[in-house]
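Dear colleague,

Please find below the structure that I am handing over to you. My notes on what was found in it follow directly after.

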Amino acid sequence: MLAGRIEGTGPAVAILSGGNIDPTLLIQVMRHGLTLAGRYLVVRTRLADRPGALIKLLSLFAEEHANVVSVEHHREGMNLPVTETAVEATLLTRDQEHCAAILEAMRSRGYEVESVH
């Protein structure tokens with residue numbers, strides 16, 4: 001069209017669909033955009049390996065109105081004392097302020113928090 005090889009009159013529109021993009025890359029781009037917008041928060045922390053510790057963390061997320069997308073709970077195979085478990089949680093959030101509020105709520109309750117970008 002730009003080279004004038006297509007005939008016609010009136011307005012013309014070129015559609016760029018991205019139909020050949022790898023779906024895995026598309027998901028990564030989406031997650032990156034959600035993270036930058038503060039809509040997606042991934043946090044890592046450690047818990048005592050005791051009954052009820054995970055539900056306390058999940059309850060905190062509920063109190064902060066975060067939507068839990070996934071939780072990975074590791075009890076072994078990592079550099080952990082036998083008395084601890086590692087948790088990585090993926091949350092949907094409203095914005096950057098909401099992310100900050102969740103991280104602060106976790107810290108104020110004694111969780112050591114790492115935000116993963």
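Leaving aside its neighbours within four places in sequence, with which residues is Leu-47 in contact? They are Ala-53, Leu-54, Leu-57, Thr-83, Glu-84, Thr-85, Val-87 and Tyr-111, where contact means heavy atoms within 4.5 Å.

Before the details, a word on the basis of these values. This is a predicted model, in which local features need pLDDT of at least 70 and side-chain atom pairs count only at pLDDT 80 or more, while totals for chains, interfaces and linings use all residues. Residues are numbered from 1 along each chain as its sequence is written, and side-chain values use heavy atoms, with hydrogens and water left out.

Overall organisation

The protein chain contains 3 helices and 4 strands, arranged from the N terminus in the order α-β-α-β-β-α-β. Helices (H or I, at least four residues) and strands (E, at least two) are DSSP runs, numbered from the N terminus. The radius of gyration, taken over C-alpha atoms, is 22 Å, whereas a compact globule of 117 residues would have a value near 13 Å; the globule rule is 2.2 Å times the number of residues to the power 0.38. The C-alpha trace spans about 75 × 30 × 15 Å along its principal axes. Of the 117 residues, 25% count as buried, that is, under 20% relative accessible area with a 1.4 Å probe, protein chains only. Among contacts between residues at least 6 apart in sequence, 68% join residues at least 24 apart.

Helix H1

Helix H1 covers residues 23–36. Its 14 residues should span 20 Å at 1.5 Å a residue, and the end C-alpha atoms are 20 Å apart, which agrees; the expected span is 1.5 Å times one less than the number of residues. Gly-38, which follows H1, has a positive phi, near 80 degrees.

Leu-47 belongs to strand S1 (residues 40–48) and counts as buried because its relative accessibility is 4%. Leu-47 and Glu-84 are separated by 37 residues in sequence, yet their C-alpha atoms are 5.5 Å apart in space.

Thr-90 is located in strand S3 (residues 84–92). With 8% relative accessibility, Thr-90 also counts as buried. Apart from neighbours within four places in sequence, the contacts of Thr-90 are Tyr-40, Leu-41, Val-42, Asn-67, Val-68, Val-69 and Ser-70.

With kind regards

Definitions and conventions. Buried < 20%, exposed > 50% of the residue type's maximum accessible area, 1.4 Å probe, protein only.
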